[in-house]
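Here is a set of exercises to work through with the sequence and the 3D view side by side. Try each task yourself before you read its solution.

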There are 2 protein chains.
Amino acid sequence: MGTRSGRTASMADVARAAGVSQQTVSRVARGAANVSDATRRRVLDAMRELGFRPSSAARSLRRGSYRSVGLAAYDVTEFGNLATLDGILQAAREAGFAVTMVEMPDEGPMSLARASRRMLELPVDGLIVGMSVEARDFSTFVPSPALPTVLLTMLEHPLCPTVDSDQYGCSGLVADHLTGLGHREMRFVAGPEASVDSRFRELGWRDALRARGLPASEPLRGDWGADSGYEAGAAIARDRAVTAVYAANDQMALGVVCALRDAGLRVPEDVSVVGVDDSLVATLPGGGLTTVRFDLAARGREAFSLAVGGAGEGARHVRIPGTLVERSTTAAARPR
Amino acid sequence: MGTRSGRTASMADVARAAGVSQQTVSRVARGAANVSDATRRRVLDAMRELGFRPSSAARSLRRGSYRSVGLAAYDVTEFGNLATLDGILQAAREAGFAVTMVEMPDEGPMSLARASRRMLELPVDGLIVGMSVEARDFSTFVPSPALPTVLLTMLEHPLCPTVDSDQYGCSGLVADHLTGLGHREMRFVAGPEASVDSRFRELGWRDALRARGLPASEPLRGDWGADSGYEAGAAIARDRAVTAVYAANDQMALGVVCALRDAGLRVPEDVSVVGVDDSLVATLPGGGLTTVRFDLAARGREAFSLAVGGAGEGARHVRIPGTLVERSTTAAARPR
DNA sequence: CCTGCGTGTGTTAACGTTAACATAGCACAG
DNA sequence: CTGTGCTATGTTAACGTTAACACACGCAGG
């Protein structure tokens, strides 16, 4: 017919079919005002008949923007990243943006560099990078000036704005809560040394104790898993002075609770336990875990607006505070 | 300098700076072979200096493809969807594709229609739709001929290929396992009636029992939650004939296990319990749940290749079989 | 009757890239 | 010395859209 066979219909094809100029088709496609009802109807009919799909490429080329934000992620499957993704998607939808993702096959700096280079060739107006990449990768990362880039990390980067949940401040919340309940002799169960989040939680804990004039004992070290929490809990059970435990995540906190109970101690009557993350395990039956909840969706939304809003230049560093969720593993301190 | 101020550098700017033609810049950018080392170096230097970023829009316009696949999702956060997303990301990365997501604000058909219309204007070569959308929405869905569309659902659609884990066949696996252990008197705990997955699991179970000459008793109905599983389990505990329970998901299966134990029965010695999904709860401490695992990443990969591979026309319907994971909640049948 | 204005439409020129073709230089077989 | 083929480079013409401008028309006020 009127269309060149094989190709998908363009505005020119629609214009020919509807007997109008190509510009009028463009006006209809964009919902512009100055089109008479009769013409609009004819054009819409022609579009439908020809299965017209506007070329996003041509539009973006002309317009100079893509209305899409890039996301370079290592492991979206992980709890925190997922909730952040959800926040990014929310913010994107409200702004009429899409989210374009590429996965990084591993956590190395090479992988990040490659993902970022690939992003430069993708139709995105800004880039959000992060999701479980270890800190050392970011330190060598150089963003392209042609693509506004936001990093999801606690470590401040000289060239990019960063966003993260306040992994330092959360420990202050826990310290407030536990000292408020009268606890003085407390233990911290840290995550793996390589983890930036764990390091900040530990630092925040140390500083919070010092600020309250309490001694900070050496942390026990776990690996984020419930089993490592169990081991730490077993060790703590033998120390009769301890009345409260703060574990750097919920999984380990759960392990601590199990170990304490297996050792014949009651939680929270004998020992209080607090976790961080408010992950699924924190709400399990058998009494929820007292923990710190982060607004991860806000983390995502913030990253989005920094990446595409572009307003405030100069590397800003946003830290989103958590809130303490009191469930049934903390109570007033009593000697064991 | 050589570049028009305000704009980001184009190939023409780079060409001017390097003293070559624009086409040569294009060749370098694409990594084409026929460029001398000296020229290549000069061009790369100019690119670096000008902060050149190739225009994805112009490329796609010229090339006619985007190297990106669209994903219209309702709730990515949910367990199954997430793993599927991961599979899509994997396949996309291997094919050098990006994944462009838009979120649907709710599950209504309007929302789906709107998301699909938005996708038509996005830079994608194919579209994957699904992720927790209820079946009725798909039935009224009409794909655009200009955008190859794949549906993630068990219900076959006349116009689109569909992909899903085999929600029917999984019940056959469970029936094989349990009858193999000598169980005859079994109960099925279904999910909510609105759920397509639950309906197919139930149908598969009925058919599997019939094929084995066993009577299929009326299913108990839950709502996917552990509490509803607990109720069902409590009812089953009172029926001394029953030696095995098949719950339509792991959460409910977990509830059943708890109820049976609270009623003084041993699992698996007195009653065997099987779930479906191999979700996190299935691997909890205290003895893992026997369950059916689906290869959800394969679901995602399959959807990807159907969406962009485009090879086989005509609506194909792919069902990916699960595998039974035997853990510690099933054992040989013994009278209670 | 002219001027001015608003409304619907058409015309033209980019946007930045790549494919196809053209050309210049050089090596080498005949 | 001519012709053939290869390599490195340049030239031209799209790809499909939108912004800017131009035009034709009807209608108001002078």
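Some notes on conventions come before the exercises.

This is a predicted model, in which local features need pLDDT of at least 70, side-chain atom pairs count only at pLDDT 80 or more, and totals for chains, interfaces and linings use all residues. Residues are numbered from 1 along each chain as its sequence is written, while chains are lettered from A and ligands numbered from 1 in the order in which they are written.

**Exercise 1. Describe the overall build of chain A.**

Step 1. Start with the secondary structure: chain A has 12 helices and 12 strands. Helices (H or I, at least four residues) and strands (E, at least two) are DSSP runs, numbered from the N terminus.

Step 2. Turn to the spread of the chain. The radius of gyration of chain A is 27 Å, well over the 20 Å that the globule rule gives for 336 residues, so chain A is more spread out than a compact globule. The radius is taken over C-alpha atoms, and the rule is 2.2 Å times the number of residues to the power 0.38.

**Exercise 2. Find the residues that line each DNA strand.**

Step 1. Take DNA strand C. Of the 27 residues around it, A:Ser21, A:Gln23, B:Met11, B:Ser26 and B:Ala58 come nearest. A residue counts as near if its C-beta atom, placed from the backbone, lies within 6 Å.

Step 2. Ask which elements carry this surface. At least two residues each come from H2 (22-30) and H4 (56-63) of chain A, and from H1 (11-18), H2 (22-30) and H4 (56-63) of chain B.

Step 3. Helices H1 (11-18), H2 and H4 of chain A, with H2 and H4 of chain B, each supply at least two residues. The classes are nine nonpolar, 11 polar and six charged.

**Exercise 3. Work out how the two protein chains meet.**

Step 1. Count the contact: 37 residues come from chain A and 37 residues from chain B. Two residues are in contact if their C-beta atoms, placed from the backbone, lie within 7 Å.

Step 2. Locate chain A's side. H4, H5 (79-94) and S2 (98-103) of chain A each give two or more residues, and the classes on this side are 22 nonpolar, 10 polar and five charged.

Step 3. Look at the strands. S2(A) and S2(B) run antiparallel and are joined by three bridges; A:Thr100 has B:Thr100 as its bridge partner. Strands pair if DSSP finds at least two bridges between them.

Step 4. Find the symmetry. Chain A is superposed on chain B by a rotation of 180° with 0.1 Å of shift along its axis (RMSD 0.2 Å), which is the relation of a two-fold axis. The same surface serves both copies, since 100% of the contact residues of chain A recur in chain B.

**Exercise 4. Trace the four-stranded sheet of chain A.**

Step 1. Read the order: the open sheet runs S7-S6-S8-S9 in chain A, with parallel pairing. Its edge strands are S7 (220-221) and S9 (272-274), each pairing on one side only.

Step 2. Check a pair. S6 (residues 186-190) and S8 (residues 244-247) of chain A are parallel over four bridges, with A:Phe188 opposite A:Tyr246.

Step 3. H10 (residues 226-237) of chain A lies across S6, S7 and S8, at about 160° to S6(A). Axes are lines fitted to C-alpha atoms, for helices over the stretch in contact, and angles run from 0 to 180 degrees between N-to-C directions.

Methods
Nonpolar A, V, L, I, M, F, W, Y, C, P; charged D, E, K, R; others polar. Least-squares fit on C-alpha atoms with pLDDT ≥ 70 in both.
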